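Biologist: I have a model open and would like to go through it with you. Can we start with a term I keep running into?

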Amino acid sequence: MSQRPFSVCVYCGSRPGSQAIYADSAKRLGAELGRRGWRLVYGGGHVGLMGIVADAALAAGAPVLGVIPQRLQAREVGHRGLTELVVVDNMHQRKQRMAEEADAFIALPGGLGTFEELFEVWTWHHLGYHSKPIGLLNVAGFYQPLLDFMAAAHSQGFVDASQQQALTVDDTPARLLDRIAARAGLPGQHGTEDYAAI
């Protein structure tokens with residue numbers, strides 16, 4: 001039986017955001033997944049950053065698994081061109097299936113759903129339910145206020161250093177994937193981007 005490719009679950013917005021760099025970073029992340037022969041696992045929509053990262057991954061030859069709840073199927077409009085689209089009953093099943101299919105997690109800019117998904121897998125990691133790498137693509141400093149807040153929570157004794165260190169933060173898609181690969185113990189893979197250009 002053939003083993004599936006290394007699979008990255010990407011959490012991101014169902015909106016494109018107000019700056020073009022968000023869409024550009026989503027495209028670059030999807031393209032890098034395909035270039036490395038990895039698989040994208042995501043929320044199954046074709047709108048916003050969700051659709052952009054999926055389209056870029058598909059265009060680069062990556063297999064893409066989308067998981068979407070029936071209730072959101074009409075709102076987000078499930079992507080019809082994926083390798084596989086799974087429609088589930090509710091958000092709990094969606095997040096569980098995505099987590100089970102993933103070898104690592106990455107959050108791009110997004111809204112409430114993205115934040116909730118990030119914090120859930122981060123909490124699961126802290127509690128020992130998984131040991132998969134978790135990455136944060138800090139596009140144009142989008143997540144800096146959150147990182148500052150987490151530092152404040154650490155200074156007030158609510159978050160410890162190991163919890164902070166569980167999160168790999170970078171502002172360049174290829175470099176973040178390199179660091180995720182290293183944390184996952186994969187053979188050295190390097191991105192095609194010029195890091196200095198970011």
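Modeller: Buried means under 20% relative accessible area, exposed means over 50%, and partly exposed is in between. Keep in mind that this is a predicted model.

Biologist: Then is Tyr143 buried or exposed?

Modeller: Tyr143 is buried, because its relative accessibility is 1% and the cut-off for buried is under 20%.

Biologist: Which aromatic cluster does Tyr143 belong to?

Modeller: Tyr143 forms one aromatic cluster with Tyr22, Phe115 and Phe142.

Biologist: And how many aromatic pairs does the structure hold?

Modeller: The structure holds six aromatic pairs. One of them is Tyr22 with Phe142: the ring centres are 5.8 Å apart and the planes stand at 80 degrees, so this pair is edge-to-face.

Biologist: Where do Tyr22 and Phe142 lie?

Modeller: Tyr22 is in helix H1, while Phe142 is in the loop between S6 and H6, so the pair ties together parts that are 120 residues apart in sequence. Tyr22 counts as buried because its relative accessibility is 9%. Phe142 is partly exposed, at 28%.

Biologist: What about the rings of Phe115 and Tyr143?

Modeller: Their centres are 6.4 Å apart and their planes are at 75 degrees, so Phe115 and Tyr143 are edge-to-face. This pair also links distant parts of the chain, 28 residues apart: Phe115 sits in helix H5 (residues 112-127) and Tyr143 in the loop between S6 and H6. Phe115 counts as partly exposed, with 31% relative accessibility.

Biologist: Ok, new topic. How do helix H1 and helix H2 cross?

Modeller: The axes of H1 (residues 20-35) and H2 (residues 48-59) come within 7 Å, and the crossing is at roughly 35 degrees. The crossing is right-handed.

Biologist: Which residues in H1 meet H2?

Modeller: On the H1 side they are Tyr22, Ala23, Ala26, Lys27, Leu29, Gly30 and Ala31. They meet Leu49, Ile52, Val53, Ala56 and Ala57 in H2. The residues of this contact divide into 10 nonpolar, one polar and one charged.

Biologist: What about Gln19 and the loop where it lies?

Modeller: Gln19 lies in the loop between strand S1 (7-11) and H1. Gln19 is partly exposed, with 38% relative accessible area. Gln19 and Gln164 are 145 residues apart in sequence, and 28 Å apart in space from C-alpha to C-alpha.

Methods:
Residues are numbered from 1 along each chain as its sequence is written. This is a predicted model: local features need pLDDT of at least 70, side-chain atom pairs count only at pLDDT 80 or more; totals for chains, interfaces and linings use all residues. Side-chain values use heavy atoms; hydrogens and water are left out. Axes are lines fitted to C-alpha atoms, for helices over the stretch in contact, and angles run from 0 to 180 degrees between N-to-C directions. Helices (H or I, at least four residues) and strands (E, at least two) are DSSP runs, numbered from the N terminus. A crossing is left-handed if the near helix is turned anticlockwise from the far one by less than a right angle, and right-handed if clockwise. Contact means heavy atoms within 4.5 Å. Ala, Val, Leu, Ile, Met, Phe, Trp, Tyr, Cys and Pro count as nonpolar, Asp, Glu, Lys and Arg as charged, and the others, Gly among them, as polar. Buried means under 20% relative accessible area, exposed over 50%, partly exposed in between (1.4 Å probe, protein chains only). Rings of Phe, Tyr and Trp (its six-membered ring) pair if their centres lie within 6.5 Å; planes under 30 degrees apart count as stacked, over 60 as edge-to-face and the rest as tilted.
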